[in-house]
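Please look through the sequence and the model below before reading on. The briefing that follows takes up the whole chain, then its cores, its ligands and some single residues.

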Amino acid sequence: MRVMIVNPRFHLPIDTRTSPHLGLAYLAAVSEQRGDDVLVYDADVEDDPITEVINRFDPQIVGITANTPQVKSAWRTAQAVKSIKDVPVVLGGPHVSVLPAESAVKPQVDVVVRGEGEAVWIKLCEIIEQAGQQTSHFSARNLLNSEAGLLDGLLGISYVTTDGRERHNPDHPPIADLDTLPFPAYHFFKMERYTNLQPATDAVDGAKSFSVMTSRGCPYRCTFCSQSIMPVKWRARSPESVLAEWQHLVHNLGAQEIGVLDDSANIQVNRLEKIADLLIEHKINHVPWIFVNGIRANLATVPLLTRLKQAGLKRVAFGVESGDPGVLLSIDKKIDHDTIRQAFKNAKQAGLETIGFFIIGLPGENEESMERTIQFACEVNPLIANFSMMTPYPGTKVYEIVKRQGTLLLQDWEDYVFFDGKARYELGEMTAEVVERKWKEAYRRFYLRPHRIAQTLTRKDFWLNWQRTFKVAFKTIFPKREKAGLRESVEAGQIV
Ligand code: B12
Ligand code: SF4
């Protein structure tokens, strides 16, 4: 069966990095394992319009991914597909998992897959393939035919049948054993067209920089995090399975750096130690790797971090979020500042670079609490401090708080990015003006300290990327006037 998997085009407001989509690389892998003819279309790196590719490849199913800022592009892409062929169009990904009905009712979307996708995708392909064998002109309409009921028993999907009924089948159970999944199929991607996800080493391009996920899910439920769409249960791959993928990346694909994308990689310390031991034992610890997302600060001990450093770990990240004790407590992060301070000390003692993730504008904040966040960032002083302007994603508790008690300044999903210095909502003492000012101040005060400037100038990576770095820094510290005026635009009814 001819299967097409699509990452719809989405331009962030800054020049950012482009990396192959890991979720789609997994879907491509399970389809290939099923014996399908697979084509991955990543609109961020393609030359030809999707309509041309549809004409050439003539897919029998098209799967499109969508996070929140991408969802409108996903709908436009679905429309473009349908303009060529009435092939079943399936949407999946974080946004449609939280708001399935919104997409399922679109005439150009046939099925929405909620949550983890591999098992459901494969079963859907099987249903379509079998039904297609029974009729010479199988179309999306046949799939949704209420009398045929082809999708009645498929868990984890939402759709609208031909008689207009909205169906939300019960959730599909999460994949119990992640080791059963094949490795992400990067050979379907134009790897040479990507940049590296988060540079750990100097000047490595996308064809040599890979992502790995050693566990899925997160047992925590922080109020601002969209992770609530994945199953609560944290599931991990075995150290042996992680080693095998790592060896494949290093030996077969020539990986020069690896980014570990787990949401909470160190929940089971023994497992991580075992992975480190295997990387050392199998002599692939010369390839530097980093934690792209925060690991739990309370489990980041010196012995663990030292072992990971020996295994090639170069950089570790911690989600600090707020420097204010009350705000930190209110977001259910279940961590305190002393533990975070200690984690940064431990990482530095182990000889690791550090990243701190901070949020400006959480519910309950005021100017003083944001000030504490800036001061705390300067105190723990990571190599990289990342300050996000709080963006309330649908499905999160913060989204509900803002809808109930605040004024949402966003009315378009395409604005749900946190790169461009615009406040997303106002709540209590927190006006857009205060949030935008403190956010800019955070970057300025953190990075423009004399010793930080000196430190930055001595890094080779800075000089290799200086044009991009200057552009991003300039846009952050001196954003365009109109970008700070989202509230005025909303009030003036200019945003629809
Ligand atoms: C790595 C990452 C990035 C990378 C790379 C993104 C990429 N190309 O994959 C970068 C840094 C670029 C990035 C950017 C952003 N990201 Co991001 N990112 C992640 C992260 C940490 C891992 C993604 C991943 O690989 N997951 C593992 C794979 C296996 O899961 P998956 O991609 O979700 O896919 C599975 C299912 O969703 C489903 N599925 C997905 N697509 C489809 C399609 C079909 C047809 C089907 C059937 C199933 C299906 O099946 C897949 C396999 O199980 C996630 C957190 C997370 N744990 O997922 C956040 C996450 C996806 N990002 C998020 C956000 C908010 C963003 C930004 C908007 C942030 C910003 N700066 O403004 C941008 C948007 C960029 C863009 N152009 O779209 C949110 C999304 C929330 C939401 N409601 O959309 C997440 C969930 C983080 C969070 N906890 O809040 N991100
Ligand atoms: S912020 Fe991190 S710890 Fe909190 S729910 Fe999200 S992934 Fe889990």
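What share of the contacts in the protein chain with a separation of 6 or more is accounted for by residues 24 or more positions apart? Such residues account for 76% of those contacts, where two residues are in contact if their C-beta atoms, placed from the backbone, lie within 7 Å. This is a predicted model, in which local features need pLDDT of at least 70 and side-chain atom pairs count only at pLDDT 80 or more, while totals for chains, interfaces and linings use all residues. Residues are numbered from 1 along each chain as its sequence is written, and chains are lettered from A and ligands numbered from 1 in the order in which they are written.

**The chain as a whole**

- The secondary structure of the protein chain comes to 19 helices and 17 strands, where helices (H or I, at least four residues) and strands (E, at least two) are DSSP runs, numbered from the N terminus.
- Of the 496 residues in the protein chain, 43% are buried; a residue is buried if 20 or more other C-beta atoms lie within 10 Å of its own, exposed if 12 or fewer, and partly exposed in between, with C-beta atoms placed from the backbone.
- The average pLDDT of the protein chain is 90, and 89% of the residues score at least 70; pLDDT is the predictor's confidence in each residue, from 0 to 100.
- Over residues 481-496, however, the pLDDT is below 50, and this stretch has 22 contacts in the model beyond near neighbours in sequence.

**Nonpolar cores**

- In soluble globular proteins, nonpolar side chains tend to be buried together.
- The largest nonpolar core has 73 residues, and Ile360 and Ala442 are those with the most contacts inside it; a nonpolar core is a set of buried Ala, Val, Leu, Ile, Met, Phe, Trp, Tyr and Cys residues joined through C-beta atoms within 7 Å.
- Helix 15 (residues 432-447) gives the largest share of this core, namely six residues.
- Leaving aside residues up to four places away in sequence, Ala442 touches Phe358, Ile360, Ile374, Ala377 and Phe387.
- A second, separate core has 52 residues, among them Val38, Val96, Val112 and Ile128.

**Helix 1**

- Helix 1 (residues 22-34) has 13 residues and reaches 19 Å from its first C-alpha to its last, which is close to the 18 Å expected at 1.5 Å a residue, the expected span being 1.5 Å times one less than the number of residues.
- The buried residues of helix 1, including Leu24, Tyr26, Leu27 and Val30, pack against strand 1 (2-7), strand 2 (37-42), strand 3 (61-65) and helix 6 (118-134).
- Just after helix 1, Gly35 takes a positive phi of about 100°.

**The two ligands**

- Ligand 1 is surrounded by 36 residues, of which the closest are Gly23, Gly63, Asn67, Gly92 and Gly117; a residue is near a molecule if its C-beta atom, placed from the backbone, lies within 6 Å of it.
- Helix 1 supplies the largest share of the shell around ligand 1, four residues, and at least two residues each come from helix 1, strand 3, strand 4 (89-92), helix 4 (94-98) and helix 6.
- By class, the shell around ligand 1 has 18 nonpolar, 15 polar and three charged residues, where Ala, Val, Leu, Ile, Met, Phe, Trp, Tyr, Cys and Pro count as nonpolar, Asp, Glu, Lys and Arg as charged, and the others, Gly among them, as polar.
- Around ligand 2 the residues include Cys218, Cys222, Cys225 and Asp263, and this shell divides into four nonpolar, four polar and two charged residues.

**Single residues**

- Phe183 lies in the loop between strand 7 (166-168) and strand 8 (209-212), and Phe183 counts as partly exposed because it has 16 C-beta neighbours inside 10 Å.
- Phe183 touches Ala29, Glu245 and His248, not counting residues up to four places away in sequence, and the C-alpha atoms of Phe183 and Val242, 59 residues apart along the chain, are separated by 9.7 Å.
- Glu321, in strand 13 (residues 313-321), has a positive phi of about 70° although it is not a glycine, and Glu321 counts as buried because it has 27 C-beta neighbours inside 10 Å.
- Lys334, in the loop between helix 11 (325-330) and helix 12 (337-349), is not a glycine either but has a positive phi of about 60°, and Lys334 counts as partly exposed, with 14 C-beta neighbours inside 10 Å.
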